[in-house]
Amino acid sequence: MSDWVYMGENLRVTYGRRTVLRVDELTVRAGDLLGIVGPSGAGKSTLLRVLALLEPPTEGVLYFGGSSEPVRWPPPLDVRRRVTMVFQRPLLLSDSVFRNVAYGLRARGADNVRPRVEQALEMVGLAHMAHAAAHTLSGGELQRVALARALVLEPEVLLLDEPTANLDPYNVSVIEEALKGLRHHNHTTIVLVTHNVFQARRLADRVMFLLDGECVEAADAEAFFESPKDPRTRAFVRGEMVY
Amino acid sequence: MLCGESKRRRCAINEIWEGLKQAALLLWHLDPEVMHIVGVSLRVSGTALLFSAAIGIPLGAWLGFSRFVGRRLVVALLYTGMGFPPVVVGLFVYLLLSQSGPLGSLNVAWVPRLFTVGAMVVAQVIISFPLVAGFTMAAVKGVDPSLRQQLISLGATEWQATLAVLREARFGVIVSVIAGFGSIISEVGAVMLVGGNIEGSTRVLTTAIVLETRRGNFSLAIALALILLLLSFLSNILMLRLQGKTA
């Protein structure tokens, strides 16, 4: 197995005339938790959609899973299924919690769906809500179901877009514990987009700071928080950046 | 003068009342003529609805999901089709299928002849499929586009994600089928033109109502009208039950 999952060169995403993402160099190491931080509109979600293989970069080359061949667009199904993303505003099917969590497994024609779904729901503390209708869930429960339906797939790479935004401290801790458990047991590579510097500090091995679509700085977590090189990173880490 | 008008009004009310009573008797005794007309109506509109759904639902879903050059033109044509006067459709089908028309002159088995049930089905399909497609497109577009992306990120194939979104849009899809059925079961102009209202063959509820009213045979006309209303009501109840089961 290769020691990196993503490598990107000169990645650009342009909508119309507006370039919303410019990342000259990107490496995500296998088994790492990369935190992507930055203010709203910095291009974090766009980068995540590119890494989820849902959206091709307008320019640049992306390599995935140690392959020497760049990603083809649209990527083949077997490649796409190695990555799963939890969206900032998760949408569930109008069905039971169980069936929502089972969706990805059933799409793959997997076996042992029931025990796997029950285990995933257990991980996010929602085992007792398996038969609840999705539309009856609170915001926190919905976010946890969205995480469970990704965890159940045991992906090689898990991409999380603000998974704890607008959640109370209890739900935040449940999700963070589930992520720690996933890393411990499955050595899953995780890319976590968050605007919460403290969360990035608690969880990440490496941190990337995006501002106005540009990668300002990327470093190991300790170096990033203790001795940031760029003055803008320093300001962001200290909470002095006004945005 | 006043006395005469009052008499006429009373006479008309009596006529309607008598018509209702006789209509009830015709229905109660399952009058063979009435039942035959109902059978032809259901056969024509049911078959046309199946074809309309088979064409309209995939077309509407495709228009709801896809982006391509010329999509606006296709949607504009579809909207035009949704408001197309049935009698114009009838005229168009008549010209196509007549002996000297572009299809009728081919004289092949798959082209239905004028004044047959097949010709009526063709006309009704042309009337109802734009409605089914248009409402399906609106229903699909009403589902948050992010859902499809989220399902794909969970490993769904394009086809699986499409089916899941269609399932989410099922209420609108069911409404599209109801609208399609409503538009053809109560339509008279096109079936009159291409069917010819031939007794025992192409006579359907609407054309029979027109004929019996003209003949002054109000009891039969009212009986047929009541059945038409009942069919329309039952189709709506059926669709609502289906909708309830899938909710």
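The bend at a residue is the angle between axes fitted to the seven residues ending there and the seven starting there. Helix α2 of chain B, residues 32-65, has a kink of about 25° centred on B:Ala53. Before going on, the conventions. This is a predicted model, in which local features need pLDDT of at least 70, side-chain atom pairs count only at pLDDT 80 or more, and totals for chains, interfaces and linings use all residues. Residues are numbered from 1 along each chain as its sequence is written, and chains are lettered from A and ligands numbered from 1 in the order in which they are written.

Helices (H or I, at least four residues) and strands (E, at least two) are DSSP runs, numbered from the N terminus.

Next, strand β3 of chain A, residues 33-37. Five of its five residues are buried, meaning that 20 or more other C-beta atoms, placed from the backbone, lie within 10 Å of a residue's own. In a regular strand the side chains alternate between the two faces of the sheet. On one side of β3(A) are A:Leu33, A:Gly35 and A:Val37, and on the other A:Leu34 and A:Ile36.

Which strands does β3(A) join? Strands pair if DSSP finds at least two bridges between them. Five bridges link β3(A) to the parallel strand β7(A), residues 189-194, where A:Val37 stands opposite A:Thr194. Four bridges link β3(A) to β8(A), residues 206-211, also running parallel, and there A:Leu34 faces A:Arg206.

A:Tyr6 sits in strand β1(A), residues 4-15. Why is A:Tyr6 called buried? Because 22 other C-beta atoms lie within 10 Å. Its C-alpha atom is separated by 6.3 Å from that of A:Gly65, 59 residues apart along the chain.

Now the two chains together. Contact here means C-beta atoms, placed from the backbone, within 7 Å. Chain A puts 19 residues into the contact and chain B 14 residues. On the side of chain A, α3(A) gives the most, with three residues.

Last, the largest nonpolar core, which has 137 residues. Such a core is a set of buried Ala, Val, Leu, Ile, Met, Phe, Trp, Tyr and Cys residues joined through C-beta atoms within 7 Å. Helix α5(B), residues 117-141, supplies the largest share, 16 residues.

Terms used
Two residues are in contact if their C-beta atoms, placed from the backbone, lie within 7 Å. A residue is buried if 20 or more other C-beta atoms lie within 10 Å of its own, exposed if 12 or fewer, and partly exposed in between; C-beta atoms are placed from the backbone.
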